Amino acid sequence: MDILKTIYGWLEHRLQLEAPVKDAALHPVPRNTASWWYVFGSAAFTLLILQFVTGILLAIVYVPSAGHAWYSLNVLNQQLELGWFLRAIHGWGSNFMVAVVLIHMVQVFLFGSYKYPRELTWILGVFLLLMTLGMAFTGQVLRFDQDAYWGLGIGASITSRIPFVGGSLVHLLLGGPIIAGATLSRFFALHVFVIPGIMLGFAGLHVWMVLKLGINEWPMPGRTVKRSTYLQEYHELTHKNGIPFVPGALWKDVFFSAAILAAVIVCAVAFGPFGPSGQPDPTIVRTVPKPDFFFLWIYAALAYLPPAMETPCILIAPIIGIGILLALPLYASEGEKSWHRRPVAILVLSTVAVTWGVLTHLASFTPWSPHMDAWSGDPVPPKYLRTATPLVRQGAAVFQAKQCRNCHSLEGNGGNRGPALDAVASRMTEDQMIRQVLQGGGNMPAYGKNLSPAETTALVGFLETLHPAGDLPASNASLEEAEERQTQSVPETKR
Amino acid sequence: MSTGTLTPQAESQTQQSTIVSRRWLLLKIGMIFNGIAGMFLAVPVIRYLLSPVKPDAAYKSWITLGNIGNFPVGETRLATFLNPFRRPWDGETAKVACYVRRMAYEQFQVFAVNCAHLGCPVRWFPQSQLFMCPCHGGAYYADGARASGPPERGLFSYDCKIENDLLKINAGQMPTLSNTAKLVTIDGCKGKSSWTS
């Protein structure tokens, strides 16, 4: 024991860390901040450390070469003892980190913590969020598989839309004219050196400011922030009714961090590592690239933006969005902190959350994409053909062979790009169908050049049978009316 | 001398301030010196970082896709080639795919596989004579013209020519809106380059 004390004394005499550490640990915090709502920031920091450690452990095996990266990941997954586990922890750690950072941000926003004097803490937090997302994207690139390759292609295509300098920026992004070795090398440098380095510095400053400025007090309706009085009020709050940070608030942080780590481990063991999917061979065009979970909403937004709006939206919307986040604490540095008195904030937050949720959900089944294998993989439901004439059967064959099924579903199977056709005959007349098939329109290609008259007749004959059992197929009322008038005007030719 | 009239206290103050200002001056000179050295470092660093930025022509060259006999008339086939600009460690990523459409004996169109929307690989369906993109649902006709979906234009196409029965294309970089937007060549290579007949 004495030896330990001597060693500690020797070190402390030189490091002199005891006083500042004690200061930080024992500084008083408002009593009601020792709440389970305040644990997300520390959990994000814990995950950051987890990512650093597991990242370094992966880097001792991973080969950042376009020709070898994919193989080294497979060695990690299959040949190296527990390599799969390290990859799984790093992958799930990344997902948890993005999630926890987002939750932390929502909590801080709801509690009005970004107001005076914590504006800069929020601004650094916005950069930390962007870097967390940057790490998630570059990490997805390092998992150098087909999704990574084509994800880079999407990145390059978006970059190319920037006016005047787009082409040069694509060369910079890719490190050359195509996605290849140089691309992977620079994303490796970004993921392993540049972003983590800046992140560590920013996270350090972020935590430093939390310690120096104090943890935001629990917001009470009516207790507004005023620049002139806030510091005095906060001082009274902490010194009259405060508790020391350690252990008063920290014990909950410690518990939650452990729970998050345990959740990462459970997910890693239960679900395993992410990919890699197919090898990054650009000549394999039979692939359906998809981004990772936290980028799915962008993927969906890009499918739904009208073509003419797309470039301005892609290029301007992120700048406006980030600008608003950065300007928020400067614009609203005083006033109400409580969510009970901030209806606009709640409305904005719910709108963003619902939009994000809907886009992410849509991207999970991509209704805008053709199902590339539906024409050969999903047969026409037998019930549609049970009483079919030879012509109708021929039409069903044309329907499958011409890949109509890739975009149109029958009984829920097939693409959702176009409308389901189970009841198409109820809403379109024969003439309308022929016109739609031959000329296209809406979002449908014209098949006029690719269908012979016989094929068209058969196809529309099949489509005409697709209506609910009791219903009559749609018919042209004006045509019937005209025919009826004709028969009325000539009374001797009765129907 | 004016210094003689100063009290000892004032004298030491003056001395101190002159010493301090001299040290400040030296510090400033030192910083300027650092700034100059930094410039000599920064310029090469920036040039090094910008080295991949080159005009399109620097990356492109004529590549042979094979004998024209490999591509039947009236059909569209996937062809692959090695990118002319490549490094030994590029592995599979040095490979590039393209679609070759042979309309007539000496009439070809060569399309990039990259969708004009966001670069995903489009797939050719000979039965319906359509290219379909798996990402956001872009579709193109056999001649590369836009059929439907988010793309604003038709497929990117390569300049091509036939020399000694070999089909050649001018390629070398990933086609994007910034470098190939001008190349809407629905008519194919006809009349675009030197022909053997």
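I began with confidence, for which I used pLDDT, the predictor's confidence in each residue, from 0 to 100. I took helices (H or I, at least four residues) and strands (E, at least two) as DSSP runs, numbered from the N terminus.

**Entry: conventions.** I noted that this is a predicted model, in which local features need pLDDT of at least 70 and side-chain atom pairs count only at pLDDT 80 or more, while totals for chains, interfaces and linings use all residues. Residues are numbered from 1 along each chain as its sequence is written, and chains are lettered from A and ligands numbered from 1 in the order in which they are written.

**Entry: confidence.** I looked up the complex and found that the predictor gives it an ipTM of 0.87 and a pTM of 0.89. For chain B the mean pLDDT is 85, with 81% of its residues at 70 or more.

**Entry: make-up of chain B.** I found 3 helices and 10 strands in chain B, and from the N terminus on the order is α-α-β-β-β-β-β-β-β-β-β-β-α. I called a residue buried if 20 or more other C-beta atoms lie within 10 Å of its own, exposed if 12 or fewer, and partly exposed in between, with C-beta atoms placed from the backbone. By that count, 40% of the 197 residues of chain B are buried. Of the contacts in chain B between residues at least 6 apart in sequence, 51% join residues at least 24 apart.

**Entry: the sheet.** I treated two strands as paired if DSSP finds at least two bridges between them. In chain B, 6 strands form an open, antiparallel sheet in the order β1-β10-β9-β4-β3-β2. Strands β1(B) (61-67) and β2(B) (76-82) stand at the edges with a single partner strand each, so one side of each is left without a neighbour in the sheet. The twist from one strand to the next averages 35 degrees, with axes taken as lines fitted to C-alpha atoms and angles running from 0 to 180 degrees between N-to-C directions.

I then followed β10(B) (residues 166-171), which is joined to β1(B) by 6 bridges, the two strands running antiparallel. Across this pair I63(B) stands opposite I169(B), and W62(B) has N170(B) as its bridge partner. Strand β9(B) (residues 157-163) is joined to β10(B) by 5 bridges, again antiparallel, and here the bridge partner of D159(B) is N170(B). β9(B) and β10(B) form a hairpin with 2 residues between them, and N164(B) in the turn has a positive phi of about 50 degrees.

**Entry: contact between the chains.** How many residues does each chain give to the contact? Chain B gives 50 residues and chain A gives 54. On the side of chain B that touches chain A, the elements giving two or more residues include β2(B), β3(B) (95-104) and α3(B).

Entry: I checked α15(A) (residues 343-365), whose 23 residues reach 34 Å from first C-alpha to last, close to the 33 Å expected at 1.5 Å a residue; the expected span is 1.5 Å times one less than the number of residues. The count of buried residues in α15(A) is 1, which leaves this helix hardly covered. T366(A) follows α15(A) and has a positive phi, near 35 degrees. In α1(A) (residues 2-15), the number of buried residues among 14 is 0, so this helix lies largely in the open.

**Entry: M433(A).** Is M433(A) buried or exposed? M433(A) counts as buried because it has 23 C-beta neighbours inside 10 Å. M433(A) lies in helix α19(A), residues 430-439. Not counting residues up to four places away in sequence, M433(A) touches M428(A), V460(A) and L463(A).

Notes:
Two residues are in contact if their C-beta atoms, placed from the backbone, lie within 7 Å.
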